[in-house]
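User: I am new to this structure and would like to learn how its features are read. Could we begin with the way strands are paired?

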Amino acid sequence: MKKLWWVVPVAAAGAAAVRRSRSAHRAGERAGDRWLTVTVNRPPTDLGPEGKLPPPLDDLAERIDVQIRPAPGDRGTELTARFKEPVPAASASVPARLAGQDPRQELRRALRDAKSLLEAGEVLRPDAPPTTRSTPGGRLVEVFTRRSGGEGVL
């Protein structure tokens, strides 16, 4: 009987997740409606001179809305973007994300690359290969690193 107590927190977490997803669905939110934001350590005039978008974002210019505004506390500039057309729910599902077919991953990558270009002058990438000899743990980290490319996190 004591071994089944783990079911209670798991069931509560599942119920909370379902309730949260239903409330977002009822509010009319869709996958592409959310603004994605990065804070760039540059003044707003450096981000969009003459109405042009930073290089990685200019490729998506017809498909996205972009806002450039000062960050709170005078700490740089907020660069915010979202798709003009909502992303279909099927392409934002977990299997689509794992397969790298979620269009939001492209927008996240473009924002991250724009931030890197504006702050460092180049898009920083990790050295490859990270080790000289392949190990099981190294292969696992490599899989997660490859999958995190569109999300920005492991």
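User: In which sense do E1 and E3 pair, and over how many bridges?

Analyst: Strands of a sheet pair through backbone hydrogen bonds, either parallel or antiparallel. Here E1 and E3 pair in the antiparallel sense over five bridges; strands (E, at least two residues) and helices (H or I, at least four) are DSSP runs numbered from the N terminus, and two strands pair if DSSP finds at least two bridges between them. Thr 39, for instance, has Glu 78 in E3 as its bridge partner. This is a predicted model, in which local features need pLDDT of at least 70, side-chain atom pairs count only at pLDDT 80 or more, and totals for chains, interfaces and linings use all residues. Residues are numbered from 1 along each chain as its sequence is written, and side-chain values use heavy atoms, with hydrogens and water left out.

User: What is the order of the strands in the open sheet?

Analyst: The order is E1-E3-E2, with antiparallel pairing. Strand E1 (36-40) and E2 are the edge strands, each pairing on one side only.

User: Is Asp 74 buried or exposed?

Analyst: Buried means under 20% relative accessible area, exposed over 50%, and partly exposed in between (1.4 Å probe, protein chains only). Asp 74 is exposed, its relative accessible area being 74%.
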